[in-house]
Amino acid sequence: MFGIVRPCQHVLCKGLYADWMGHLCGLCLALRDEHGHLSRLVTNYDGLLVSVLTEAQTPAPTSRRKAGPCALRGFKGADVVESEGVRLAAAVSLLLAAGKVNDHVADGDGMYARRPLAAGATRLAGRWSSAGTATAATLGLDPTPLTTAAARQALLERIPAQRSPGSGAAPGLRELTGPTEDAVAAAFAHTGVLAGKPHNREALEAAGRGFGRLAHLIDAVEDLADDRASGAYNPLAATGTGLEEARRHCDAAHADLRAAVNALDLPRPALTRALLVRETGNAVSRAFAIAGSQTAAGTHAPGHPPGDPGAPPGRRPPKRDPGGLLSMVCAALTCCTCGLYRPAWDEDREGSCCERFDCSGYECCGNCGNCCSCCSGEDGGCGCDGCSCGCD
């Protein structure tokens, strides 16, 4: 739910981290203000990229407003983003969350197999879909690619079972990622409309397709072991794609995403590049490190030798989700804390933040005379001179 882009304050210099939190809190509050407290459950890290992209295309920072104290900020106030970009992020998050819930209900996944819960989830998804569609209309966004993505995905996943031998090839991996790519491309492209940069449309669509494909593949890699064990559908298993080939697909998608971001006209590129280029690369390494740890003892992810930053030695496989009431309680805590709380089976909590999020080479320093490496790298550097970015 919280996405593949998971930066922490160790990998973003002080100014960029404050901007990122401003977009995250802005999305959460926009959902609350327009659609009620329950809608805050759809707050997710990837959704706020729409808000970040909108601001990146404007010469001046978007407007902020003072937010009251929040437990997640140590009961401190904050300046949060208040813009059409945040409202677009809210609409996108609602529509995609509604589609995902309906898909789980249709498949009878986990707790959704219970009729009372499935009925309640269906009603909630309906409200989210209506709310997202209404907000999208006020912003001039055609919600069709987002509202139909889950249904198109479900149809593609059912095709192999419906076809008889010799009736034609089942969908390939790129075809299976198509609905996700189309949905994200539509959302990214509309940021150019809101920011008054229509010439960015082609590059924005390309960035959306690259990011959508990457998110779909990473999700498949992370779920592969559990899906095999439970017999659930997984696009890698369905297409006979091994981890080594999946890594090549992810690297190709990341290269496409990087090229598209480089082609954008962005007056304020720092946070966009940090999230869409560097953090997505970290997400790929993280996913294959987990997949590698789930193989036989002593092996590692294909194509990544021991010692690779993406596959740290000694990492134990994550604990399994126990399911049932405990899982539901922890899921609620995760939602209520915007993902800052993560149960043991979701994140390895034994290591430090930098061990879990692969902050190698990006630690923010305390030497203001020599700005930290996160500010000088081409993959998301803030382009600062010295410590004008606010590194500390």
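1. Glu181 counts as buried because its relative accessibility is 5%, where buried means under 20% relative accessible area, exposed over 50%, and partly exposed in between (1.4 Å probe, protein chains only). Glu181 lies in helix α8, residues 178–195; helices (H or I, at least four residues) and strands (E, at least two) are DSSP runs, numbered from the N terminus. The side chains of Glu181 and Arg213 are joined by a polar contact of 3.4 Å, a polar contact being a pair of N or O atoms within 3.5 Å, of which, within protein, one must be able to donate a hydrogen and the other to accept it, while residues adjacent in sequence count only if both atoms are side-chain atoms. Leaving out residues up to four places away in sequence, Glu181 touches Arg174, Gly208, Arg209, Gly212 and Arg213, with contact meaning heavy atoms within 4.5 Å.

2. A note on the basis of these values is in order. This is a predicted model, in which local features need pLDDT of at least 70 and side-chain atom pairs count only at pLDDT 80 or more, whereas totals for chains, interfaces and linings use all residues. Residues are numbered from 1 along each chain as its sequence is written, and side-chain values use heavy atoms, with hydrogens and water left out.

3. The pLDDT, which is the predictor's confidence in each residue from 0 to 100, averages 78 over the chain, and 71% of the residues score at least 70. Where pLDDT is low, the predicted coordinates should not be read in detail.

4. As to the chain as a whole, its secondary structure comprises 14 helices and two strands, and 46% of its 392 residues count as buried. Of the contacts with a separation of 6 or more, 69% are between residues 24 or more positions apart. The accessible surface comes to about 17,800 Å², of which 55% belongs to carbon and sulfur atoms; such areas come from the Shrake-Rupley method with a 1.4 Å probe, and for residues only the protein chains shown count as cover.

5. Helix α8, which holds Glu181, is largely enclosed by the rest of the structure, because 15 of its 18 residues are buried. Its end C-alpha atoms are 26 Å apart, in agreement with the 26 Å that 18 residues should span at 1.5 Å a residue, the expected span being 1.5 Å times one less than the number of residues. Gly196 follows α8 and has a positive phi, near 75°.

6. Helix α4 (residues 115–139) passes the same check, since its 25 residues should span 36 Å and its end C-alpha atoms are 36 Å apart. Its buried residues, among them Leu124, Trp128 and Leu139, pack against α1 (14–35), α3 (84–107) and α8. Just after α4, Gly140 takes a positive phi of about 80°.

7. The salt bridges, each a side-chain nitrogen of Lys or Arg within 4 Å of a carboxyl oxygen of Asp or Glu, number 16. Arg213, the polar partner of Glu181, also forms one with Asp256, the closest N and O atoms being 3.3 Å apart. This pair links distant parts of the chain, with Arg213 in helix α9 (residues 201–230) and Asp256 in helix α11, 43 residues apart. Arg213 is buried, with a relative accessible area of 7%, whereas Asp256 counts as partly exposed at 38% relative accessibility. Glu279 and Arg278 meet in a salt bridge of 3.7 Å, N to O, and both of these residues are buried. Salt bridges that share partners also join Arg32, Asp33, Arg65 and Glu82 into one network.

8. Pro61 and Arg268 are 207 residues apart in sequence, yet 8.3 Å apart in space, C-alpha to C-alpha. Apart from neighbours within four places in sequence, Pro61 is in contact with Glu55 and Arg268.
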